[in-house]
Amino acid sequence: MTRRFAPLLALMLSGPAWAQEPEIAELTFGFIKLTDMAPLAIALERGYFAEEGLEITLEAQANWRVLGDGVLSGALQGAQMLAGQPLAAAIGYGSDARIVAPFSMDLNGNGITVSTEVWDRMRPHVASMADGRPHHPIGADALAPVVQEFRAQGRRFDMGIVYPFSTHNYELRYWLAAGGLHPGFYAPDDSSGQIGADVFLSVTPPPQMPATLAAGALYGYCVGEPWNQAAVRRGIGVSVITDYEIWPNNPEKVFALRADFVEAYPNTTRAILRALIRAAMWLDADDNANRAAAAEILSRPAYIGAEAEIIAASMTGTFEYEPGDVRAVPDFNVFFRHNATYPYYSDAIWYLTQMRRWGQIAEARSDAWYHEVAARVYRPDIYLDAAQSLIDDGLASVTDFPFDSDGYRAPAALLDGIVYDGRTPNAYLDSLPLGLTGTRRVINGEVAPR
């Protein structure tokens with residue numbers, strides 16, 4: 001449990017219209033030990049929460065399910081959350097409580113790592129650059145022959161994800177499918193996600209990923225930092241691709257609150273978002289000049305509890321794919337640039353399309369349904385209210401925020417060259433080579449109609 005900051009006396013002074021005292025000041029937020037919880041740690045350690053009149057306790061959670069249950073039950077008033085979690089709740093998974101996401105925590109930040117055994121078998125299928133190093137990005141087509149070898153030996157090819165509704169699940173599935181490997185379907189009567197799979201995905205908490213890989217229980221995984229770099233540093237794995245290479249500047253975690261909390265405590269909600277926005281700005285300020293200091297803060301046991309050097313390996317603009325192969329990836333972690341904190345409807349819709357693609361959404365839905373669900377969960381109106389208050393106080397500039405946005409990012413191509421446009425989700429689904437399209441669904445382990 002982290003220490004608490006007392007509210008600053010400055011808040012007692014007269015101020016602009018936003019400066020109404022929070023209706024409730026003492027709050028507990030949950031997080032998972034990942035680099036992208038940084039805005040929470042920085043908002044606490046630099047006193048931004050305190051300056052907003054908030055007394056915050058941050059509590060690490062055992063896994064994403066425990067964290068989600070904590071928010072749903074009210075034991076946690078808010079949390080760093082997988083973007084798919086509030087969306088899953090909105091379409092009927094778990095509690096009836098509504099969760100909203102008025103803040104995006106970051107862009108990018110994940111990687112796919114395989115064991116050294118698997119990498120040794122993949123390497124002959126990967127092109128080399130003039131200096132002998134592997135050419136990146138590395139597609140899953142280089143993994144396909146390895147999966148076939150394992151199958152011929154009677155070995156099931158298992159890989160790890162952090163949660164069924166995680167970005168990591170959908171990114172790993174996207175990468176596998178782009179390389180011709182089937183990651184398996186979900187169905188109403190089978191939540192394993194392994195129907196028809198070539199590669200079998202299962203859940204492992206992020207901090208346990210390297211140990212599970214070392215034990216041979218997994219042959220690879222998709223996870224956030226610092227758990228890819230930890231495997232590389234231990235010499236037990238090789239990171240073959242980052243999510244930046246799968247989808248440049250893809251959305252990642254969100255900060256989520258129960259909808260009834262937001263409705264009951266609007267001043268508190270604004271204060272929370274103001275502090276988080278300020279933390280995100282600090283993290284990206286001056287071309288990431290503060291990242292080394294951030295890595296030291298995150299290395300503390302109360303936050304991530306990994307060596308600062310391992311956290312900094314990706315957080316300061318580089319990424320080590322295998323021992324000694326360090327490459328510049330300046331946007332691997334983005335907390336404020338590229339409107340990283342703005343909760344775009346199109347980000348939510350991409351997650352929903354992937355839920356539909358792999359059967360978590362069992363039936364076809366109209367484009368209007370996707371837009372409605374996204375607007376119910378992602379709340380740019382709440383975000384922009386907090387942003388405007390920071391501008392009014394001289395703490396930010398109007399150019400820092402996309403006030404003219406309709407909530408949809410410009411269409412963008414992913415790793416396989418297929419363009420995603422959040423305005424037309426069904427057309428996007430129909431353009432994907434593997435997965436459920438049109439009215440297709442999984443019945444008794446089979447896709448119908450064929």
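**Figure 1. Glu 320 is buried, at 10% relative accessibility.** Buried means under 20% relative accessible area, exposed over 50%, and partly exposed in between, with a 1.4 Å probe and protein chains only. The model shown here is predicted: local features need pLDDT of at least 70, side-chain atom pairs count only at pLDDT 80 or more, and totals for chains, interfaces and linings use all residues. Residues are numbered from 1 along each chain as its sequence is written, and side-chain values use heavy atoms, with hydrogens and water left out. The side chain of Glu 320 meets that of Arg 233 in a salt bridge, 2.7 Å from N to O. A salt bridge is a side-chain nitrogen of Lys or Arg within 4 Å of a carboxyl oxygen of Asp or Glu. This pair links distant parts of the chain, 87 residues apart. Arg 233 sits in helix α9 (residues 227-234), and Glu 320 in strand β13 (residues 318-322). Helices (H or I, at least four residues) and strands (E, at least two) are DSSP runs, numbered from the N terminus. Arg 233 is partly exposed, with a relative accessible area of 37%.

**Figure 2. A salt bridge joins Arg 155 and Glu 117.** The closest N and O atoms are 3.3 Å apart. The two residues lie 38 residues apart, in distant parts of the chain. Arg 155 is in the loop between α6 (144-152) and β6 (158-161). Glu 117 belongs to helix α5 (residues 116-122). Arg 155 has 26% relative accessibility, so it counts as partly exposed. Glu 117, at 31%, also counts as partly exposed.

**Figure 3. Lys 253 and Glu 252 form a salt bridge.** Their closest N and O atoms are 2.5 Å apart. Lys 253 is buried, with a relative accessible area of 0%. Glu 252 is buried too, with a relative accessible area of 1%.

Figure 4. In the model, the count comes to 30 salt bridges.

**Figure 5. Helix α3 spans residues 64-73.** Its buried residues are Trp 64, Leu 67, Gly 68, Gly 70, Val 71 and Leu 72. They pack against β1 (26-31), β3 (78-81), α4 (84-90), β4 (99-104) and β12 (254-258). Contact means heavy atoms within 4.5 Å. An α-helix has 3.6 residues a turn, so residues three or four places apart point the same way. Val 66 is also in helix α3. Val 66 counts as partly exposed, at 38% relative accessibility. The C-alpha atoms of Val 66 and Gly 30 are separated by 9.6 Å, and the two are 36 residues apart along the chain.

**Figure 6. Asn 63 and Gly 74 flank helix α3.** At the start of α3, a side-chain oxygen of Asn 63 reaches to within 3.1 Å of the backbone nitrogen of Arg 65. After α3 comes Gly 74, with a positive phi, near 90°.

**Figure 7. Thr 242 lies in strand β11 (residues 237-242).** Thr 242 is buried, with a relative accessible area of 1%. Setting aside residues up to four places away in sequence, Thr 242 touches Asn 110, Gly 111, Phe 319, Tyr 321 and Phe 332.

**Figure 8. Asn 333 lies in the loop between β14 (325-328) and α15 (345-357).** Asn 333 has 2% relative accessibility, so it counts as buried. Apart from neighbours within four places in sequence, Asn 333 is in contact with Thr 35, Leu 107, Gly 109, Arg 291, Ser 314 and Met 315.

**Figure 9. Ala 264 is in helix α11 (residues 259-264).** Ala 264 is partly exposed, with a relative accessible area of 45%.

**Figure 10. The largest cavity has a volume of about 30 Å³.** On a 1 Å grid over the protein atoms alone, a cavity is a set of points where a 1.4 Å probe fits but cannot get out, and lining residues have an atom within 4 Å of a point. The count comes to 1 cavity of 30 Å³ or more. Its lining residues are Arg 356, Ala 364, Arg 365, Asn 426, Leu 429, Asp 430, Leu 436, Thr 437 and Gly 438. Helix α18 (residues 425-430) gives the most to this lining, with 3 residues.

Definitions and conventions
A polar contact is a pair of N or O atoms within 3.5 Å; within protein, one must be able to donate a hydrogen and the other to accept it, and residues adjacent in sequence count only if both atoms are side-chain atoms. On a 1 Å grid over the protein atoms alone, a cavity is a set of points where a 1.4 Å probe fits but cannot get out, and a pocket is an open set with protein on both sides within 12 Å along at least five of seven lines; lining residues have an atom within 4 Å of a point. Grid points are joined across faces, edges and corners, and a volume is the space filled by probe spheres set on the points.
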